[in-house]
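Please open the structure in your viewer and follow the stops below in order, selecting each part as it is named.

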Amino acid sequence: MQKCIPFKVNITKKNGRVKKMNNVLSLNKKGFALMYTIEPTLVWVSVIQGSLEALYPFIPFYFTSRILDLLLKGAINNQLIWYIVSALLSSFFVTTVASGLAHTRESLIYRAMDKKEMLLNKKIIHMDYQFVEDTKVQEKLSNIRMNEMTGGIGMFRLFNTTKNFVKNLMTVIIALLLIIPLLRSQSSSQITAINMDSSWIVALFFLSLLVYITLVLFLNKKAFKKYDEYIQGGVYLNNLVGAIFPILRNYNSGKEIRIYNQQSIYSKLFDESLNHSKKTLFGINYVSNQVAIVSTILSYLILSLSYVWVIVKALNGAISPGTVIQYTGALSLLIRELPSFLEELSSLINNSIGLQNLFDFLEMKGNRHEGTLPVEKRLDNEYTLEARNVSFKYPGTDEYVLKDVNITLTVGEKLAIVGMNGSGKTTFIKLLCRLYDPTEGEILLNGIDIRKYDYQEYLRLLSVVFQDFQLYAFQLGENVSASKNMEEERVRDALQKSGFSKRLEKLKDDLNTYLYKEYDENGIEISGGEAQKIAMARAIYKQAPIVILDEPTAALDPLSEFEMYTNFAEVTGNRTTIYISHRLSSCRFCDTIAVFDKGKIIQRGSHKELVQEKDGKYYELWQAQAQYYMKDESGLVQEVAISQ
Ligand SMILES: Nc1ncnc2c1ncn2[C@@H]1O[C@H](COP(=O)(O)OP(=O)(O)OP(=O)(O)O)[C@@H](O)[C@H]1O
């Protein structure tokens, strides 16, 4: 029984190795296919340039050996002239074309890198939002970038090394083809005790090559393992520094960095990062040098023995004096290029780690795009939204952020959501937008689970202003229309409704004014409240039948806020509206108010009804704020100054 154990282990190990090799092959195949899709010309140029560069050093050996043999025979004839002309012309042709292709290849690599970067960016834009928020996904992306930047691993390596791989492979093939006659040649005499034609000598030659190949591959693998350890060690640091750099460059954060004297935190982090990369580069150089030294010593040893073999064969009369040049040339090229070939081969094998990361990322599948049902286009905007027994936990967490939420929004209804910080209000909005799907329960649009609808069509129903909305360094009109082709009148109308028209009048470039200064030095800086008005205008411009506003007045001054409430009915019209606010006085004009508490809806009703429930949460919240409000003559509730 005991004897069987090592046998079993071996089988598993062997299977594991075979599987790993298959994986390496399939990843490289996928990598080359992607390279061909991204930039097919680069593949062809690499193959042609590599083949020509391989051919180039053989031309003089091949022709010189023939020319020398003819000269030794005293044959000054047409064939001799033909060899000389061919040697010169072919060298000229190969060098010219290869160096021309070298420039083309360089620019093609830049283009391919740009296209690959676009591919990653497109993936980020289109992937499920939950992946964008997932730190593991961010780490994968950072890994891809770090691999490329530090060690040129991933597609970058394929783009760069394909030419060299082809060159080295072709060199080995041509060299082997050129030494075949040497292996088959027979001596007419024997000047040494050893028979130089014996198949043992040939076997010994190939055996030493095999040992050499195995050793170099093994050392390369070891070197790569070390290299990977260094990379993995740096991923966390790279993520941190990657997240911090944009903050440092952003002049807005410059204020806090100075006020709170945060420079020392960043300096420490930069020192750590520099130390790590110094250690990484030193470690990588150290192992690479070890490989280079061992393979050089071995290659010169084999080469010296090969020279002895060829010379003795020539002295034995097995080969002509001229072909000594061909054989020694071919052998020295074979042995000189073998380590490079093996290094390229190992680098392709090791590159599979980079490719694995890349394809894991590119092939990440979400479920957002599975729905195919078209959303019914209704001019009357008869869309009813219903959350039925909705519970939700963020991926990778154990705690329910929402629990058994049940609510129906009828057509044209204005729903306000209120509740303490962290009670799940924004999360509920994220579910309505399908940025996440409920862990349990379902959200229905006109009675059908929203997951069944075509996602893009479903999104067309929603206009959302998030609490942490973003504006971009594009033109004002582009920001509002979220497009390069804006409808000017609609943009103006939306800006007027959101309260931005007075500021617009002062803008020199009108709707073409750039926000911020990243793209245009004449770009304008906008205040928090102005930004909120533009974000609001973007939601109005979309004219979607369902409007969701998460704290839309948080940054507005009292007058702008008042203006916004006055325009609220006009802005939202007969659209179904969800409105989140901490300012309860602003929720009174909504038909229904839902009170969220620890992920549950604990109260629901109109403002009038809820303030009657004296032991309810809404009453408690209202009381806490009521001291800041009073009714004016018209009965409207207004904010008042607090007197000490
Ligand atoms: N991406 C996330 N991953 C894990 N937990 C999250 C994530 N986003 C939010 N949470 C947690 O979910 C809970 C609810 O957050 P949510 O933003 O929905 O609250 P909220 O009611 O909108 O709060 P506020 O009034 O402060 O805006 C919080 O405890 C928050 O920490």
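Is the crossing of H2 and H4 left-handed or right-handed? The crossing of H2 and H4 is left-handed, a term used where the near helix is turned anticlockwise from the far one by less than a right angle, with right-handed used if clockwise. This is a predicted model, in which local features need pLDDT of at least 70, side-chain atom pairs count only at pLDDT 80 or more, and totals for chains, interfaces and linings use all residues. Residues are numbered from 1 along each chain as its sequence is written.

Select helix H2 (residues 40–55) together with helix H4 (residues 78–126), whose axes come within 9 Å and cross at roughly 145 degrees. Helices here are DSSP runs of H or I with at least four residues, numbered from the N terminus, while axes are lines fitted to C-alpha atoms over the stretch in contact, with angles from 0 to 180 degrees between N-to-C directions.

The contact includes Gly 50 and Ala 54 from H2, and Met 170 and Ile 174 from H7.

Finally, select the ligand, where Tyr 394, Asn 421, Lys 425, Thr 426 and Thr 427 come nearest of the 13 residues around it, a residue being near if its C-beta atom, placed from the backbone, lies within 6 Å. Helix H12 (residues 425–432) gives the largest share of this shell, 3 residues.

Technical notes
Helices (H or I, at least four residues) and strands (E, at least two) are DSSP runs, numbered from the N terminus. Two residues are in contact if their C-beta atoms, placed from the backbone, lie within 7 Å.
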